[in-house]
Amino acid sequence: MISIVLPAKNEAAALAGLIPRLRTAQPDAEVIVVDDGSTDDTAQICAEQAVTRLHQPYSMGNGAAIKRGARAARGEIIVFMDADGQHDPADIGKLLQRLEQGFDMVVGARDWSGQAGMSRGVANTVYNRLSSWMTGFQILDLTSGFRAVKAHRFREFLHLLPNGFSYPTTITMAFFRSAYAVAYEPLVVHQRIGKSHIRPLRDGIRFLLIIFKIATLYSPMKLFTPVSVVFFLLGMVNYAYTFITSHRLTNMSVLLFSAAVIVFLIGLISEQITSLVYSDSGRA
């Protein structure tokens, strides 16, 4: 059985056309709309279309809606889609075909034309390249909300998922860290219906933090070791300069050397914590 989970916040206009298309593409699938505190006609649309609606009394975030939908889904495979009309239900079959090849998660990858503006496209390109470097695998779309997963694998990491918009990043890095097979299927996405809930100014810092989260989720030492080396080299340069000019070791050199050691030790501790987190996930 396949469950299709649609997190929705004021997406009634898109759901009115999307749900019938889902019924046509996957007539036997369980369709779950997680209503994240909507104030529009989402409840009415779900009732008319006879789909399961999970109502959250106030907006808890996209990730929170995903987690609630994943807990309620009865299918062995869960397909997550945005409810804004960007994703074509006909593409679900492509993801399922790749899943049958032995993958644990298949992600619908957008090309540049599918990005919501140049700034989002540049940001996603940075995320993709950074995550590819961290994991050693080519990641085509780290933040895509369109993916098919094996339900029991996905539920192992529910406790790690944030309530906000960065759940795709977290689950992708968690799968790679746990050596679960991930595939990317290039897809064409459409212009969303309605306005985006992401605000560049408000969410800019949050997306910047995603970059650091990518590193700490997968291999903290890949982030902390280069920083430690930079501090050490700066300390050496400063010491060489002060030794030549005044024949002494300055407080700044000591401070830089100390920072190098502290940053390295923090990375080492973070690596151990990360290993314990994923070890606990495997036993869940």
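A polar atom of the serine 132 side chain sits 2.7 Å from the backbone oxygen of asparagine 128. That side chain also reaches the backbone oxygen of phenylalanine 137, at 3.4 Å. This is a predicted model, where local features need pLDDT of at least 70 and side-chain atom pairs count only at pLDDT 80 or more, while totals for chains, interfaces and linings use all residues. Residues are numbered from 1 along each chain as its sequence is written, and side-chain values use heavy atoms, with hydrogens and water left out.

Serine 132 belongs to helix α5, residues 118-135 (helices are DSSP runs of H or I, at least four residues, numbered from the N terminus). Its relative accessibility is 19%, so serine 132 counts as buried (under 20% relative accessible area, 1.4 Å probe, protein chains only). Leaving out residues up to four places away in sequence, serine 132 touches Phe137, Gln138 and Ile139 (heavy atoms within 4.5 Å).

Now the rings. The whole structure holds eight aromatic pairs (ring centres of Phe, Tyr or Trp, its six-membered ring, within 6.5 Å; planes under 30 degrees apart are stacked, over 60 edge-to-face, the rest tilted). Two of them involve phenylalanine 157:

| Pair | Centres | Planes | Type |
|---|---|---|---|
| Phenylalanine 157 and phenylalanine 175 | 5.6 Å | 50° | tilted |
| Phenylalanine 157 and tyrosine 180 | 6.1 Å | 65° | edge-to-face |

Phenylalanine 157 lies in the loop between α6 and α7 and phenylalanine 175 in helix α7, so their pair ties together parts 18 residues apart in sequence. Phenylalanine 157 is buried at 0% relative accessibility, phenylalanine 175 is buried at 0%, and tyrosine 180 is buried at 14%.

Definitions and conventions: Helix = DSSP H or I, 4+ residues; strand = E, 2+ residues; numbered from the N terminus. Buried < 20%, exposed > 50% of the residue type's maximum accessible area, 1.4 Å probe, protein only. Polar contact = N/O pair within 3.5 Å; in protein donor to acceptor, adjacent residues only side chain to side chain.
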